[in-house]
Amino acid sequence: MAAPLKVEFHFDFGSPNAYLAELVLPEIEKRTGVEFDYVPVLLGGVYKATGNMSPFDSLRGIKNKPEYNALETQRFLRRHNITKFKPNPFFPVNTLMLMRGAVAAQFEGMFESYFRAAYHHMWVEPKKMDDLQIFREALVSSGVDIDRLVARAQQDDVKNKLIENTSDAVNRGSFGSPTFFVGNEIFFGKDSLRNVEEEIVAQLNAAQRKTA
């Protein structure tokens, strides 16, 4: 029996484009019947390993490109009817604590509530989420047992898993977030979601032909 198609969403809470892309994933899951695996990576580690940098840095001082980037974001928001998004005034935010928390939440079976709360406090009601007190108060206000997760995040298995996820992503071709893998096929950026969905359908159809 053929293994089910593995589709991955590699994310870091510090990427606004990863936040926006994730809001569209349920639509793709509904149409294709395939669920995405959510893989926390440390974007700073990805950048360091690849020599890349965030658009916040790479677009600085370039005439017209930041304005066009903002225009494309507005088009994406309208296309997908996204109304709950605000730029974070504290950007860029060091996300090490947030991303270790995501891994800890996966280990503890608390991922969904933590994930939604973390994104809410980064890009819906933006806060300085690399401040430990602000981070804790924000997650508590969303009903997350953050003290349990903070304690869990200090354990070596959590730290090592985040390092492993990040290194694996780079070794497979990643250079930023959001990155998607459909099987072994890699796609980057929120604007690649149409291609991601087409690849999912193509691989599903190919698998069906093999078993027919």
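Me: Buried means under 20% relative accessible area, exposed means over 50%, and partly exposed lies in between (1.4 Å probe, protein chains only). Which residues of helix α9 are buried?

Reply: This is a predicted model, numbered from 1 along each chain as its sequence is written, where local features need pLDDT of at least 70, side-chain atom pairs need 80 or more, and totals for chains, interfaces and linings use all residues. Side-chain values use heavy atoms, without hydrogens or water. Helices (H or I, at least four residues) and strands (E, at least two) are DSSP runs, numbered from the N terminus. In α9, residues 146-153, the buried ones are Ile 146, Leu 149, Arg 152 and Ala 153.

Me: What is the strand order in the open sheet of four strands?

Reply: Two strands pair if DSSP finds at least two bridges between them. The pairing here is mixed. The edge strands, β2 (36-40) and β4 (185-188), each pair on one side only. The order is β2-β1-β3-β4.

Me: By how many degrees are neighbouring strands turned against each other on average, direction ignored?

Reply: Axes are lines fitted to C-alpha atoms, for helices over the stretch in contact, and angles run from 0 to 180 degrees between N-to-C directions. For this sheet, direction is ignored and the average is taken over neighbouring strands. The turn is 20 degrees.

Me: Which residue of β4 stands opposite Phe 181?

Reply: Strands β3 (residues 179-182) and β4 run antiparallel and are joined by four bridges. They form a hairpin with two residues between them, and Gly 183 in the turn has a positive phi of about 65 degrees. Val 182 has Glu 185 as its bridge partner. Opposite Phe 181 stands Ile 186.

Me: At about what angle does helix α11 run to β3?

Reply: Helix α11 covers residues 193-211. It lies across β1 (7-11), β2, β3 and β4. Its angle to β3 is about 15 degrees.

Me: Why does the pair of Phe 9 and Phe 180 count as stacked?

Reply: Rings of Phe, Tyr and Trp (its six-membered ring) pair if their centres lie within 6.5 Å; planes under 30 degrees apart are stacked, over 60 edge-to-face, and the rest tilted. A search of the whole structure finds 20 aromatic pairs. The centres of Phe 9 and Phe 180 are 5.6 Å apart, and the pair is stacked because the planes are at 20 degrees.

Me: How many residues apart are Phe 9 and Phe 180?

Reply: Phe 9 is buried, at 0% relative accessible area. Phe 180 is also buried, at 0%. Phe 9 sits in strand β1 and Phe 180 in strand β3, and the number of residues apart is 171.

Me: Which parts does the pair of Phe 91 and Trp 123 tie together?

Reply: The pair is tilted, at 5.8 Å centre to centre and 55 degrees between the planes. Phe 91 is partly exposed at 24%, whereas Trp 123 is buried at 2%. The two lie 32 residues apart in sequence, so the pair ties the loop between α5 (65-79) and α6 to helix α7.

Me: Over which ring does the charged end of Arg 172 sit?

Reply: A charge sits over a ring if NZ of Lys or CZ of Arg is within 6 Å of the ring centre and within 35 degrees of the ring normal. Lys 190 does this over Phe 76, 5.6 Å from the ring centre. Arg 172 is 3.8 Å from the centre of its ring, that of Phe 181.

Me: With which residues is Glu 197 in contact, leaving aside neighbours within four places in sequence?

Reply: Glu 197 lies in helix α11. Glu 197 counts as buried, at 17% relative accessibility. Its contacts are Ile 28, Arg 31 and Thr 32.

How values were computed
Contact = heavy atoms within 4.5 Å.
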